[in-house]
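Open the model in your viewer and keep the selection panel at hand. The tour begins where two chains meet and then moves out to one chain as a whole.

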Amino acid sequence: MGTYGWTGKILRVDLTTKKIDTVPTSDYEPEKYLGGVGLNTKIFWEMGCPRVDAFDPDNPLLISVGPVTGMAGPFNRAEVCGIAPQSYPQETFAYSGVGGKIASEIKYAGYDVLVIVGKSDKPVYLSILNDVVKLEDAKPLWGLDTFETQKSLMKKHSNAAVLTIGPAGENLCRVAIILNETASAAGQGGYGAVLGSKNLKAIVVKGTGTLKVARPDALTKLQQERMDAKEWLVGGAQSWGRYPLCGGAIAADMRANRLKRIAGCHGCPYQCMGFYDIPGIGKGAQMCVEAWYGYHSGGSSEGYWEGNILSQKLGINNYELLGIMNWLRAVQYGIVDKKKLGLTSIPMIDHAGKPQLGGQQAHHDFLTELLHGMASGKNILSKGTARAAESLGPAAQKFFNGIFPAWGYMNHHIQNVGSALHWAMDSRDPYSSCHDYVSSFGPSAKIASYFGLPGGDMAGGKKMVYERTEYQTAWVQNHQSIKNSMPICEYASMPSNFFHPPAMDIRIFESSMLSAVTGVDYSVDRLWEAGDRIYTLRRAVAVMRENRTRAQDDLSPVWFERLAGGTKSLAEPLDRTKWEALKDRFYVARGWNPANGRPTRGKLEQLGMKSVADKLQNAGRLGSK
Amino acid sequence: MAKKKSEVKKITRREFVTGAGAVLAFGAASSLAACTPTAIKTATQPTLESVPGSTRIVHDPNRCAGCGVCGLMCAFYHEKEYGHSLARNELVRDPFNAAYTFHVCQQCESANCYFACPKKDVALCVDKKTGVKYVNTAECVGCGRCSDACPFTPPRANVHPVKKVSFKCDLCRGRKDGPICVEYCTMHALRKVSGKERG
């Protein structure tokens, strides 16, 4: 350990006792769990899956990089895990990825994982300069926005990478983000509030170490082939983040007059972000999530940009903001009284992207009131839309459920039965790592059949296909786990990328990359088994900590009904009978018990997780065959 | 040979990277200041009359997206390892202004590094065709005088922390496809320009 791929060290920081030490990564079988979500989940499991609330000091904040982090390519991704305050109806063990520059710096500083527990008695920030790790006073930083905090710390720590929270995280807003640079955030999950609950304002990392590669010639060959194929690394997904997705006048104006540069994460040749500057509002980057905001912009570039910059600065999840905007139509329809939301003005909102009534000034007033209200913890929506909707009664909640299908997260590409099933089984919006449906299998029967899966169900007028869909979902779940654990950027790792069968496909790219870097022979099968293992361990955590059972593996009942005016993205409502039959087959395909959805001993032992089976059995939660 | 201490202490590359050597303000303006040469040549020092103005790499900050693949591929090509501290170039990233500053050897005609080398033409050599100054690692003793002599901050020649030999940009001398940073820059922000073009 510690020679190739993994640095071999896990940094542990206890904010209560101020104790800082390291433990060997080899204690957690990194070759089996890779890094990122896999390693975080393994560490959480070994901690005994603490049954505490998200804001309890014993909720560990786990930040993992992975074996390929720090290399040239779309690999600068860290995964944040812990108990997520955003999840609903109960807080779940979930995850959120972050790009920017932070992951590489953590790796160069010599760590595979940061494990942060406890709660500081006063505001602090964590500074990591290689092996010099300190907790420093953050009182002067408390209350600053995310941009100001980073600028201040980068001045003091010579261009280090900074992960920080804004006022939203400090005030325990359940949709608070942890931001690095601009537009690179651990957004979903509300982990910014976990930092806030620990009195931890920021994490500053600078690393000057180097990373050896086990098989440099193999890596060079892999890179050069992609370069020569002009796929180093140019993918269609680049445009998702570079320019506003709404099209029309706003996109044209932003692109022609406000775009300053193309931008992106450290070490990645994709460069999928656009960096915009509107005087009076601010400068910063946007990615796909921000690029969606055009539909709610008040009809102007200024409105578009203000929504993005203000939420980033205050440290609020931009994706949740989109959900809120959709849900606020409940006010227009008379389902919710805006006074109950603590908002004086709500501009008319048209989700079809048409100019909205009220104009730019109304949009500005509304955004200011809403976002500052959320960041200060005073507005009801700072608890997240899910909890706000619940407190406003059944009608508000039903409208909410059409937009937020499960776990308290806004709909994200539920466009076929496979992605609906994937959502039902996860512990948050899983789409950060499963665009495989919308990019590859849904639209292309050709790509799907190459991978042995049913597909093409989004092409030609959207069909609702239940037949063999369990295999597609299980495949994407395993792939999601691999992406989250190498970790590799979602944009670079869709099955439609590098699709040159049979010589090259995304599985071959990922397994070859891991083998070249680590020197461990990851065949495609071995890599897929790792994905299977990681997904199954996540399930074991949910079963152990949240007593997850089959009954919870569902979307909101609204998704089985016809509902006028909803934004449900499926061609047809789900069919309950076919859905339950699909779930039966899905559990069997995964090696879980169909009656309760718990993993079985046979499956766990097949994946080399006997101790997990033993612990589940001791707790009376092992799936019987 | 022991490393000769300069009278005025220069900031080493490592200290520059970690910020331990001096207070280095963050931002584009200060980054530009940091790459201004303190002295291009001294009065007593000859210039390389026999060598044409050399080829070097130039950076277009308006095209650059700040990814730093240039540095990663550089370190990996030359050292088979990744990490900024082994790169022959350095990209300073200001994410709040999308301002990116690129530091790389300017292949000066005055070549302070070359004249400072106690084994010049053996350890620090000049390519007669291109004018590129390069290190023959088999002969380099790692005294660090080339680094001390470099007029730029941070210095564009540095001593490898483990191998104890000097390293600097040699435009990937001998690489079939030219400098790897130029080839792998997907934004086409880096360009190799000849001495003639440079003027």
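Select the residues of chain A that are in contact with chain B: there are 38 of them, and they meet 30 residues of chain B. Keep in mind that this is a predicted model. Colour the chain A side by element. Helix 4 (146–156), strand 13 (211–212), helix 7 (216–228) and strand 14 (259–263) of chain A each give two or more residues to this side. Now colour the chain A side by residue type; it divides into 17 nonpolar, twelve polar and nine charged residues.

Next, zoom in on strand 13 of chain A. Which strand of chain B is joined to strand 13 of chain A? The partner is strand 2 (residues 81–82) of chain B; two bridges join the strands, which run antiparallel. Select Lys212(A) and look across to strand 2 of chain B, where Glu81(B) stands opposite.

Chain A has 25 helices and 16 strands. Its radius of gyration is 23 Å, close to the 25 Å that the globule rule gives for 625 residues, so chain A is as compact as a globular protein of that length. Along the principal axes, the C-alpha atoms of chain A fill a box of roughly 60 × 60 × 55 Å. Colour chain A by burial: buried residues make up 61% of its 625 residues.

Finally, give each domain of chain A its own colour: domain 1 (9–206), domain 2 (238–393) and domain 3 (417–485 + 523–589). The centres of domain 2 and domain 3 of chain A, taken over C-alpha atoms, are separated by 29 Å.

Technical notes: Residues are numbered from 1 along each chain as its sequence is written. Chains are lettered from A and ligands numbered from 1 in the order in which they are written. This is a predicted model: local features need pLDDT of at least 70, side-chain atom pairs count only at pLDDT 80 or more; totals for chains, interfaces and linings use all residues. Helices (H or I, at least four residues) and strands (E, at least two) are DSSP runs, numbered from the N terminus. The radius of gyration is taken over C-alpha atoms; the globule rule is 2.2 Å times the number of residues to the power 0.38. A residue is buried if 20 or more other C-beta atoms lie within 10 Å of its own, exposed if 12 or fewer, and partly exposed in between; C-beta atoms are placed from the backbone. Domain bounds come from an automatic or database domain assignment. Two residues are in contact if their C-beta atoms, placed from the backbone, lie within 7 Å. Ala, Val, Leu, Ile, Met, Phe, Trp, Tyr, Cys and Pro count as nonpolar, Asp, Glu, Lys and Arg as charged, and the others, Gly among them, as polar. Two strands pair if DSSP finds at least two bridges between them.
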